[in-house]
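The structure is shown first for reference.

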Amino acid sequence: MDEINHGRRFTIIWAVCTIIAVPLVIWVLGPNLGYGEASNAGEDQATTLTVLAAIATPFLLLVGLYLVYAAMFFRQPRGQMLEGPAVRDDAKVQISWIVVTSITVLILAVYGSVALIQNYGDGTGSGASPLNRPSHVGLRVQVIGQQWTWTYRWPEYGGVETPGIEIPVNTMIEFNVTSLDVIHSWTVKELGIKADANPQVNNIAFAEPNRLLSFEYRCTELCGIWHGAMYGFGRVVTRPQFEEWIHKMQIKYRPAEKYLPPFALTYQPKFGSHRAGFEEES
Amino acid sequence: MSLAYPHQSSSSVERPGWRKLVGFNIFTGIIGAVIGYIIGWYIGKALTTTPYYEYIRVNTLEDDLALILAYSFGVIGFLVGMGFANYPVGRMLGRPASLREKETGGAWRYFGLSTDHKVVGIQYLVGVGFFFFVGGLNAMLIRTELLHNTPEFVGPEKYLTIVGLHSVVMLGTLTSAVLGPFANYFVPIMIGARRMAFPRIEALTFWLLMAAGVILLSTIFFGGFPTGWTGYEPLNDQALMGMDSYILFFALVGISMVLLGMNMIVTIVTMRAPGVTWGRLPIFCWATFVTAVLMVLAAPMLIGTLLMAALDRAIGTSFFLTLGGGSAYLFENLFWFFGHPEVYVLALPGFGLILEMLPVFARKPLWGYRIAVAGFLGVGLMSFFVWQHHLFVSGINADLRPFYMLSTEIISIPTGFVFLAFIGTIWRSRITFTVPMLFCFAWAFNFLIGGASGVVLSDVPTNAQLHGSFFVIAHFHYTIMGGLGFAFVGAIYYYVPKMFGFKLNERIGKFQFWAMFLTFNATFLPIFALGLKGMARRVTFYPADLITLNRVVSIAAYLLFASMLLLVYNVVYSLVFERERATDNPWHSKGMEWQVPTPVPVDNFPDKIPDMRDFDPYDYGVPVSGGGAAPAPAGAGA
Amino acid sequence: MAAEEQNAPFTLAGPKPQPGEETPEVRRARGANALSVAARLMAGAMTFFFLSFGFAFVYLKTSNIEGKWRPANVAPIQSWGVVFVVCLVLSAIAIVIANRRQGQGKAWLGAATACLVLGLLAIIAQILEYTQQTFGPTNYAYASVFIGWTGFYILVMLMSIYWIEIQVATEARELREQRQPHEGKIVYEHPDRLLPRGLDAAAFFWTYLVGLGVIMWVLVYLVK
Ligand code: HEA
Ligand code: HEA
Ligand code: CUA
Ligand SMILES: [Cu+2]
């Protein structure tokens, strides 16, 4: 049994498989992971996923192949009851394992943080006052969730409220996400945006769409019975098309404006007002 | 002292059979539960009609207060009926502290308060198995609904209740899936003790869990609950009375967890036989210990949070309602501060079982004992510092995300230690692929995938797309069902010979393993793909192009369920048709639990507490020169 | 073969003497140890339990959503608060004194009973405060935290008081039986099955709980 140098043999098998698999993961699997890349954030998320998959591959292969290798070569001969070597420890192996995993983890965390900061939160909801915000915000839109629909208000266009959304391409857009009742989450897969809509919280996400397309927005935080039906479709259009659309909307929804509260970053939630105590003072 | 002991003498007299029905047992327990429920309900109702209550809450259409009190009193009534109050009341009157009278034999003790840790272990195995089955049935309903991309089977409202029941039943009862049956049964034997430190509390944890389970299932009579297992506010507050079942269930499970964990820790700390030093504690006891610490510290947070939610619902406070100055973020923070340690409560016992079984079938001592223990401790410690990775897109403390990203990824390092111990133990070993060993290998494979996907989720840029999608579902089913679930079933095969005295059929077992392993992967690998393609969680509407993939998943899930039924069949078959009496040590293990006779005597070690100073539970293998320490009896590794 | 030897089953009845023999003395020593470990664990659990309320307090106070943390008219009655906390602290002192007098029969009993009574008085003070305060649970976030925290603190106090009570009851019974003539003595348990009472453990838990209570009092009563 001791003639075979299992260590070397397994290392070779693992190295060969890794060398084959990593490029496959990067160039074949990566682009097919089904990510929306229609914005700076989405693009970065897709790259990150590919990078993570590529880093994970050697580890997955190491353990996975080892399981197969052990199952094949470290067997008890049939009908016998032999004992293995009574080895309990190997400081060298342990230390190198700790070092390698620690370095990998550090690389991952630093990589993720840099990506997060460079892309202004990478399309995620970053709270009411994100520390790093882009200097070139071209448009603000407020996304309002309520059971079970989304509406949009446009502070730069008189605070008009529209049931649908169109946004201009190649513009850094600031999404102010809030809710009128329970927690929702505004998600646009194609643009890589996801931000929770909390009552009386303004949750800001940034994204810059980079191509014309129609996208689906959907609620991804459980908000009650029709949570699953809380989706709709919007479009990324050119700037002139957008201006035209928003003007149409302003005219169309002007009559409704007097029923609306004035534009604000957050609104009084509808839910909870059945409680007597809450209405009394303030 | 030559005095009479009235208590003792009365118990030794054989009672007539009918007396068993009116003593303290499960029947009186149920009667007590009903009485308590009714009392609680009327107290609640009476309180609700006071002018004060009218003042605090206009909308009194829902009797949340009455229901919550009814459940609480019902549980108390149940416990009193079971006989849990006898000893405490006796002590209130000044009776001295004492052990319970010696346990008697017979099947009846499985249906009542028993302070024999082996009886409680078996009660737990059956009880948890039942709820595992209920959760599995709910999973099948989920998969049936998802056969279509529009709600056609149960509809969106019931769907949410089913998802909630599935997840809450699973998470609530499977937290005790290992500590309940296996740790209760084997930890005392492994450390050379005759019982747990607090036998009555041990029994209490089990019956509390069962009472909680009944409360949870009763939610269907009150309209179900729409929040999933996370119970986020303010949806929680808005929900119908069925929500109260969820709150009470989880709070009771929390209490049961605290007590179970406390009992385990105290037992391990104080009851070890001579020679069982910390450095030689079997690895399963270490895993139990760390899990118990997490339970004792994290579960109270859950109890507190849910009590706040209950107050919000019942007496109109506003912890979580923004309109009254509360905050939904507060709930999310508090919940996940418990929630993340909770998921390691579901993982660590699995680690322990696997590393305990591995040396037996590898015929090698456990490799890297100390690093594995360090791994447990590291995971346990770190798990308190990562909770906001569930809240990356919520807007909470967004600027701290790099920290939580780092801490989450750091958890991979101690988890990796466990893998290293696994790898080291089977290196150049002599593996026999018995059924438990197959499950060990499957655990490694599944948990690897689950863990790697966890790392993907912990990176904020990728989390942005994957949060709230089926990718998360796949991640945690790989870690829970693929990790804990496989370790649990493997441990059933491993330990049933000791617990019940018969061996499970090996052939059916192998078939069951392969069926379970393949169908499990066929179920949850496609779910990763679904998640990447944008399938959202907890929805009954999904894009039409995902129908095919979902049907594949559903069919695989049915087969997975069938493979689990095969396990039940195997138990029945091996018990009824082909009863092969197990020897004392069928696996030739060196662990203490296999050195005691089967069936284990009532006091485990009736004559003497074993002297374990020369005892090494991992004393396998032939000594080698160089390349590691000699197999000295000090099992600490060198 | 060497492995053969290694496989020889481990026997329980080894030749060595058995230092771990579970005599009643060993059991009592272990039992006392177990109770004190348990008391510390429960103290940890209680810390985290009340931490959830403390966290709610700090979180809601600092975020003060729409200025609704605490309207000016929401104020607990300070005098009752003082009574509450004074009783608490005194009861902790009483239990510490009692613990010093272990084994002294009546002297112990007096101090422990004082602790019990003071603990109950603290609870009563807090309940009287509820009935007289001018706000209810619906009066915004502070009111919620106030009522939730103090309410569940009282509940935990009751459980802990039960622990003290059984010490007192046991001691009282023993004293009573010592006074009685020999024939009337009832022994409820075989002496072999007796466990230690865990005075230290109960005292530790109670003092710790009082500490948590004082922190709570400072936050909910004093902090503006
Ligand atoms: C048993 C339960 C369990 C376990 C063990 C884990 C383990 C991990 N989990 Fe998981 N998780 C859950 C159960 C579990 N999780 C549940 C139930 C949810 C969803 C809750 C809900 O929303 O309903 C969830 C959700 C969840 C999220 C939030 C997703 C979202 O909703 O946005 C994240 C994000 O960071 C995450 C991360 C991790 C990580 C990093 C680990 C790590 O501990 C994994 C570590 C393991 C490995 C990495 C593999 C082995 C290691 C090696 C081979 C060493 C080498 C590796 C490296 C160097 C990287 N989990
Ligand atoms: C312990 C945890 C656990 C386990 C084991 C499982 C097991 C399974 N889960 Fe579960 N699941 C969750 C925890 C778990 N789940 C959680 C926390 C959620 C999130 C809910 C939320 O969003 O809030 C979820 C959500 C969830 C969803 C998503 C629903 C949605 O968001 O829309 C789906 C969909 O496919 C699913 C499917 C399954 C399937 C097919 C199994 C299968 O593995 C089941 C196979 C069947 C069995 C395991 C039962 C067989 C048992 C016996 C026959 C008894 C045997 C007896 C003994 C052992 C003694 N689960
Ligand atoms: Cu809105 Cu889900
Ligand atoms: Cu987590």
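Predicted model: local features only at pLDDT ≥ 70, side-chain atom pairs only at ≥ 80, totals over all residues.

1. For comparison, ideal angles for six octahedral donors are 90 or 180 degrees.

2. His166(B) belongs to helix H8 (residues 155-174) of chain B and His477(B) to helix H21 (residues 470-500) of chain B, so the pair ties together parts 311 residues apart in sequence. His166(B) is buried, because its relative accessible area of 12% falls under 20%. His477(B) is likewise buried, at 17%.

3. The iron atom of ligand 1 takes a single donor from the protein, NE2 of His475(B), at 2.1 Å. His475(B) is placed in helix H21 of chain B, the helix that also holds His477(B). A distance of 4.6 Å separates the iron atom of ligand 1 from the copper ion (ligand 4).

4. Chain A is divided into domain 1 (6-74 + 94-118) and domain 2 (139-271). Their centres, taken over C-alpha atoms, are 37 Å apart. Each domain contributes 11 residues to the contact.

5. How much area do domain 1 and domain 2 of chain A bury between them? The value is about 770 Å², with 42% of it on carbon and sulfur atoms. On the side of domain 1, Ala38(A), Ser39(A) and Asn40(A) supply 55% of the area buried against domain 2, more than any other three residues. The count of salt bridges between the two domains is 0.

Terms used
Residues numbered from 1 in each chain as written. Chains lettered and ligands numbered in written order. Heavy atoms only, no water. Helix = DSSP H or I, 4+ residues; strand = E, 2+ residues; numbered from the N terminus. Buried < 20%, exposed > 50% of the residue type's maximum accessible area, 1.4 Å probe, protein only. Donors = N, O, S within 2.8 Å, 3.2 Å for Na, K, Ca; no water. Domains from an automatic or database assignment. Contact = heavy atoms within 4.5 Å. Buried area = accessible area lost by both parts, 1.4 Å probe. Salt bridge = Lys/Arg side-chain N within 4 Å of Asp/Glu carboxyl O.
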